[in-house]
Amino acid sequence: MRQIKIFDTTLRDGEQSPGASMNVQEKLALARQLAKLGVDVIEAGFAYSSPGDFEAVKTVGNEVEGPIICSLARAKEEDIRSAWEALKDAPRRRIHTFHSTSDIHLKYQFRVSREEALKRSVNMVKLARSLVDDVEFSPMDATRTDINYLCEVVEAVIDAGASTVNIPDTVGYTIPSEFGTMIKALHEKVKNIDRAVISVHCHNDLGLATSNSLAAVLNGAGQIECTINGIGERAGNCSMEEVVMALRTRRDLFDADTGINTEEIMRSSRLVTKITGMSVQPNKAIVGANAFAHESGIHQDGLLKEKSTYEIIRPESIGLYSAKLVMGKHSGRHAFKTKLKDLGYELSDEEVNETFERFKRVADQKKDIFDEDIEALITAGVAQVPETYSLVDLSMICGINQKPTAAVKLKVGGGIIHRMEQGDGPVDATYRAIAAITETKSNLLKFEIKAITGGTDALGEVMVSLEEDDRSVRGHGADTDIIVAAAKAYINALNKLAARKKH
Ligand code: KIV
Ligand code: ZN
């Protein structure tokens, strides 16, 4: 059985989703989870593009063990040297360089001839190879490139030292039969093809990214580039969970599999949602809330008799367990620590203590605590920032004939500041009071609220997106009281803005 490599680009192409930018700590937290998931390569960013991305590639490269860590670089000397600077201390590293090859891009965007594009590509692969042993090259917009020229470029970059050649469907234009034929043609026409792994990188503009990637596997591709939840530029990239589960479920047909530890899929998906603020649509394959929900009576009847009648994937195989009652307010630290281990989390003693404190506060308000609640408490602690502001107290008057009024007390520096404000609703009043105390003038771009589990005592989770002086950040808060959760999310985002200003 062939082993297909999984190249995860959630931290690079995924981050190109509008509003999904991540800071270094967030990228590090996600990269650690990707390592647990068992991806082969993590594209941690584009080192030359910004100091933040440089730092992220460097930090992930130095601190995350297991996968190869990669930086993207245009076929330009300054990009390649920057990727090398960021990766030079990483034990396992790759430089991924690219140049467009389609006539449309060469003529209108780069204004260079095919010969010049080929020359630049070869020279930059050689430069990258003089710095690292593992070099990947992508002929951008490959699916709209003349096939004979594409073969010429692929052969030349392999001769120049590229050990992976990635074929991107940059604009999500191809369809499975056409893409399969292209991958097959490359294998037939490029003389030195056996000296490189052929990778594919499909965008989802026509909703075909997963199908196109699978067609490529059937025709010899050995690496798939993808992102968790399929996030990425425009309509996104091939979704990792879909392609991995398709290969696993239909091993009989593909005669291929990946090294992914599929039980980490749900956890990875939730972490990406939490960090990027991009929720997954309920009917999304594999990780959507309805992916395993059977509504029809006929289906339910079949399932009760024999699961395989209507279930092609066991939910547990992707780490999805039905809400389990786990703990209550009398549970002790030891039981809590064991529970974290059962859920697959390896936290430091300090993180266990912080999460336990959060757990105790919730347990005082909520009788039954489920696995999902505990997961939310853990992710609430991921990539935390220093607390310039913290919530001390919040009380609220609202009702049908009441003007909503919030009284908020925040700790700011060494002191406590108190403020009462009215608004159009309880959240509006609370946010006005917080803005007045913190003397901030950010714009609220997005406000999302959801219940983590069922029941009227469920933990509510709020995600906000704020913008101030062209900086945008996301904040999260979870609490049994949704107004408190909303206040926590807003304060979390303000703390991030404050940390950025200081930086
Ligand atoms: O979509 C694309 O072509 C890319 C390349 C940089 C690989 O993201
Ligand atoms: Zn892309």
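Author: What follows is a close look at the ligand site and the metal beside it in the list of ligands.

This is a predicted model, in which local features need pLDDT of at least 70 and side-chain atom pairs count only at pLDDT 80 or more, while totals for chains, interfaces and linings use all residues. Residues are numbered from 1 along each chain as its sequence is written, chains are lettered from A and ligands numbered from 1 in the order in which they are written, and side-chain values use heavy atoms, with hydrogens and water left out.

The zinc ion (ligand 2) is coordinated by Asp-13 through OD and by His-201 and His-203 through NE2, at 2.0 to 2.1 Å, where donors are N, O and S atoms within 2.8 Å of the metal (3.2 Å for Na, K and Ca) and, because water is not among the atoms, sites may look incomplete. Along the chain these donors follow the spacing D-x187-H-x1-H. His-201 counts as buried because its relative accessibility is 5%, and His-203 does so at 4%; buried means under 20% relative accessible area, exposed over 50%, and partly exposed in between (1.4 Å probe, protein chains only).

Asp-13, His-201 and His-203 are also among the residues that surround ligand 1, as are Arg-12 and Thr-170, a residue being near a molecule or strand if one of its heavy atoms lies within 4 Å of it. An oxygen atom of ligand 1 is 2.6 Å from a polar side-chain atom of Thr-170, and an oxygen atom of the ligand lies 3.0 Å from a side-chain N or O atom of His-203.

Methods. Polar contact = N/O pair within 3.5 Å; in protein donor to acceptor, adjacent residues only side chain to side chain.
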